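Here is a short briefing on one protein chain.

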Amino acid sequence: MKFAGTVDINAPRDRVWAFVTAPDQVGQCGPGVESIEVIDDTHFKATAKVGIGFISARFVVNMEFAEVNAPNDATIKAHGQAPGSAVDATAQMRLSDSASGGTTMDWDADVNIAGTLASVGARLIEGTANKMIGQTFECMKTKLEGDGGSEGA
């Protein structure tokens, strides 16, 4: 499955870059994320509970910044497993200055799901994924466009 989009964030590119490349920051915006473990500068692990239709699974996802070209673009590769299911994903993001002085993020992701979770059907998975993606970006925008005083609260 392929997903793509563009998000305009009313914050300078260096601040957006710092946020999206800090797993413990951006991880707070992932729906269902229970924990983030930073292993080193390019590897991290997330545990997240995901529910699609009548199936709920707790995934342990190993992620890696495969390519990083600060503060312009990055590629992240992820492999996650839950009992009876697996997910592999490659996501890319590109940041550019927007005309309004903020930052435009163009992103795309290629996601492959196998096992029990895949059996619920692509349409249901896509609908749930799009909802989760929307929630993630709304959270990021809220954190980045705020006055900055609420971080760490």
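**Two helices and selected residues**

Helix H1 (residues 13-20) packs against helix H3 (residues 122-145) at an angle of about 130°, and their axes are 11 Å apart. Helices (H or I, at least four residues) and strands (E, at least two) are DSSP runs, numbered from the N terminus. The model is predicted: local features need pLDDT of at least 70, side-chain atom pairs count only at pLDDT 80 or more, and totals for chains, interfaces and linings use all residues. Residues are numbered from 1 along each chain as its sequence is written, and side-chain values use heavy atoms, with hydrogens and water left out.

- Axes are lines fitted to C-alpha atoms, for helices over the stretch in contact, and angles run from 0 to 180 degrees between N-to-C directions.
- H1 and H3 are therefore oblique to each other; angles under 35 degrees count as roughly parallel, over 145 as roughly antiparallel, 65 to 115 as roughly perpendicular and the rest as oblique.
- On the H1 side, Arg 15, Val 16, Phe 19 and Val 20 meet Met 140, Lys 143 and Leu 144 of H3.
- The residues of this contact of H1 with H3 comprise five nonpolar, no polar and two charged. Here Ala, Val, Leu, Ile, Met, Phe, Trp, Tyr, Cys and Pro count as nonpolar, Asp, Glu, Lys and Arg as charged, and the others, Gly among them, as polar.

**The buried face of H1**

- Arg 13, Val 16, Trp 17, Phe 19 and Val 20 are the buried residues of H1. Buried means under 20% relative accessible area, exposed over 50%, and partly exposed in between (1.4 Å probe, protein chains only).
- Seen down the axis of H1, its buried residues fall within an arc of 165°, so they line one face of the helix. The arc is that of the directions from the helix axis to the C-beta atoms.

**Residues in H3**

- Ile 125 is in H3 and is buried, with a relative accessible area of 5%.
- Apart from neighbours within four places in sequence, Ile 125 is in contact (heavy atoms within 4.5 Å) with Met 1, Ile 52, Ile 113, Leu 117, Ala 118 and Val 120.
- Glu 126, also placed in H3, is partly exposed, with a relative accessible area of 34%.
- Glu 126 and Ile 52 are 74 residues apart in sequence, and their C-alpha atoms are 9.6 Å apart in space.
- Glu 145 belongs to H3 and is partly exposed, with a relative accessible area of 34%.
- Residues up to four places away in sequence aside, Glu 145 touches Asp 8, Ile 9 and Asn 10.

**Strand and loop residues**

- Thr 47 lies in strand E3 (residues 43-52) and is buried, with a relative accessible area of 16%.
- Leaving out residues up to four places away in sequence, Thr 47 touches Gly 32, Val 33, Glu 34, Ser 35, Arg 58, Phe 59 and Val 60.
- Gln 28 sits in the loop between helix H2 (23-26) and strand E2 (33-38). Residues up to four places away in sequence not counted, Gln 28 touches Cys 139 and Lys 143.
- Pro 71 lies in the loop between strand E4 (55-69) and strand E5 (73-82).
- The peptide bond from Ala 70 to Pro 71 is cis, with omega near -10°. Most peptide bonds are trans.
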